[in-house]
Amino acid sequence: MTSHPAIARRAGARRTSVATALQVGGRRLGPSPTLVLPPLLLLLQGCAEVAPEARQAEVVSVLVAADQTLLRSRPALVAGKYARMARGLYDFFRGGLPVWAHDWRHDAAGGPSRFDVPGLLVPGLGDPHLENFGLLLAGDDTLALEPVDFDAADRYPYLWEVRRLLTSLVLACRLSNAEDPAARAAAAAAARETARAGAAAYAATVRALAAGAPRERFDEAGGRPVLEDLFRRGREDAASREELEQLTVVEAGRRRLRRGTPDPAEPEWVLQELPRHARAALPEALEAYRRSLAAPPPPAELALLDAVRELGSGVASWSRVRLLVLVRGPTDDPADDAILELKELFDSGAAGWLPPGVWHEDLPGRLIEMSRAMWSRPDADPRWSAGSWLGAAVQLRTECEANKTLRLRRLEGSRGTPEALRGLAEALGALLARVHAAPGVGGRTAVARIAAAVARDETGFADEQAAAATALADRVAADWELFRDALRSSGPTLGFRTSDPPTWPFEQRELWGDPPAPEAF
Amino acid sequence: MRRRSQALGHVVWLAAAGAAAAPATVVAGTVAAVDAPPNDAAGSPAADEAAGTAAGAARGWFGGGIDLIAGYRSTWTTVEDADPEWFHEFELDRGHGWVEAGWGPARARLLAEATRATGEGALVGVAGDSVVLRLREAWAGCELFGWGDVAAGIVPTLAQPTLERGSGTRVLGASAFERHGLLGPADLGASAALRLPWVRGRLAVALYDGEGYAQRELNRGKSWEFFAELRPLGVVEGLGPLVVSAAYLLGSQGAGSSRADRVVAGLAWEGDRIGGAVAFLWLWGVDGAGERQGWAIEGSLRGAPTEWLLLAARVAHVVRDADDEQNRLTEAGGGVGFRPLEPFEVWLDGGRVLAGETARAASPGCDQWWLAARLRFRWSGGGP
């Protein structure tokens, strides 16, 4: 039995009123309340146990509800995800999309907007934050900045997207320059202005697109330090095929994927042997995947050479099954072998809203349709597609070092100044506008309606979104502290326990893998 | 009093069991006029004196039934150039089938309902997104010497089914309380009821997991429901259909044990040809946010001017955050029904949902008109 102040207050109020009722008129009408009520109240308190910190309970409930099926089947992987979310505020933001969605239902992420377009859903990433954008090496070997994560891609209110992106930028400013407190303070002081610049760029681009401007491909850094760095490193690694060096070894003239920990600095990132039954199902999945590509290569090019289970990658998708798959490439020469990443796909988490509530026939269809629509060209990554493997929906994409993702940790030095961050915000705001200009239902684009709403007061739009993003970033930071506290007090799965001993088949548990113990936070 | 089929004899018992009060014929007439009682019947399987006598007379018995509402529904968003502006679909608003049995004072019931395999917006469910059957009630219980009864399993909750029965407008859709997740119709737990024959009412208490019948238990907290249903004028001729009910729920929700307390009060006129109800609900804890408070009110009217003509109307106002007056939905709808041949009813209904600014931004498309055509089939047989 436990008790806490809130329930005690309520119990106390009840005690007073009942006791009074029993002694109306100075006559005792039954047994003494002091004898009867304490055991009763204790029983009620114990049974209706309520958390003392309401927001903490809310955050815990939402996260556990979102992860419930995974918590029942692979609790160790979810524990790893929670540990990672606890170690960093930005990681909490990345893994906290269910909390964002929950809050949206309550207050539309920061309250209703003057610029809302009621009844409008746009093709959106669902989780458009800094680290879900990056470079993709297209079919003609050119690099461009594109959205690179479609786990949550679906149809969303456009302000959901704008505010989530800007919130990520505010957090990025506050968390940039990890080793330089003075630079971090300067960036943090400019966080709201950075968000404002991102919103203004979004508004300007939407206006241009509505006026007929083409959906541009972002294949140049445009003098922005963060993007200059990204493109420079991407081009270098595209030439060197750095991923082959990092993830594979050549033995007796044959290339194979490494096992173990590829990077000692990241002990939770582990490559493990893939169960035989899982590997045996890969050729069929690869052939179906090959046929789904816009320009299918010859079957031999995707011949399976090796595959490993990858653990400890991503944040929101930490608990998903993820593989690295080594395929033959155009020739038998080990130098042109290629690596694919295979990842489990789940539902987007979008709430349906307008009928029919779902917009795709299945999960692979959702990913393929949304990515092709949002990219500047269908072959932004010519090997990015989706299919099924072992009965699960999966995404396959090129794993190469040229496909650099924007990273918070790179925002330091000349890349962490307020000016550099503002330049990044402008680029991402414009890119998000381009994403929202993708054709929706019936091939229509929504930018004209967004542009009309924003045009009422473009400055006011930027101000409102920057203010909302700043407040939302504060809320994320407060939630993170509550989350860490809950993890400490309730355990690695936030107190969730399966009621039955797990009886999953051995093959299934073997596939989920055996993650290393999470690092402390 | 209009003619009743033999099948409705069972309705009499079940309605009486739920109402636990009024003369069985009156209650049955009420519910048969517009709405189906069996699965809308109040919480515990409490029976009134008449039902108790009937059950005692037939020592062993077996029964069952079907309540099916199928329809075609068109919706139009009120936003110009929304995407899409309108939609239409065939739907199964209710698909209930139940069996029940008794032996002496013991009784048990299984009620299956049809539901979509996924939540809103999801693609992955059972065999795609099939309509599947799940258990909504599965309880065993016992009558206690004519004074009350107890039941355990997946039991109907106490307040929500009583309010729905009082409203008698289920054919227009589930009540706003239920659709918005403010009150649930069933849960895993146990309930006990005590009859109050002198006021033709009952007192009941139930203890549940608190997550509803569609969820596993996620926390150590259990939810109490204290309930009273009275017919204060039941002994006055002509005023028997007046029902007053009230409940207090002391609960928790979700893995984080968020507060989920509710106070609900209802007033209903469960007349034969004319009925109506109004219910008010106050919430401490909304949608897992324990500190948030909200409230809702719902009113309904129904009538059966002739044997074959039925009318129903309903208005609801739901405030999901008492601190944000724009986080609200107001719903108003009404319909006209025809009963060409029992157990069939054909309905045409329409209405409007008006959303506050916050609700409209958070749920695009919730502000809408609707028009629906529905076919209802109700049948039950057997029984004590």
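**View 1. The contact between chain B and chain A.** Chain B contributes 51 residues and chain A 55 residues to the contact, where contact means heavy atoms within 4.5 Å. The model is predicted: local features need pLDDT of at least 70, side-chain atom pairs count only at pLDDT 80 or more, and totals for chains, interfaces and linings use all residues. Residues are numbered from 1 along each chain as its sequence is written, chains are lettered from A in the order in which they are written, and side-chain values use heavy atoms, with hydrogens and water left out. About 4,400 Å² is buried between the two chains, 55% of it from carbon and sulfur atoms; this is the accessible area (1.4 Å probe) lost on putting the two parts together, summed over both.

**View 2. A salt bridge between the chains.** A:Glu58 pairs with B:Arg292 in a salt bridge, with the closest N and O atoms 3.6 Å apart. Chain B and chain A have a count of two salt bridges (a side-chain nitrogen of Lys or Arg within 4 Å of a carboxyl oxygen of Asp or Glu).

**View 3. The largest cavity.** The largest cavity has a volume of about 150 Å³, the space filled by probe spheres set on grid points joined across faces, edges and corners. A cavity is a set of points on a 1 Å grid over the protein atoms alone where a 1.4 Å probe fits but cannot get out, and lining residues have an atom within 4 Å of a point. Of the 22 lining residues, those closest to the centre are B:Leu163, B:Glu164, B:Ser167, B:Ala277 and B:Ala279.

Key. 1 Å grid on protein atoms, 1.4 Å probe; cavity = no way out; pocket = protein on both sides within 12 Å on 5 of 7 lines; lining within 4 Å.
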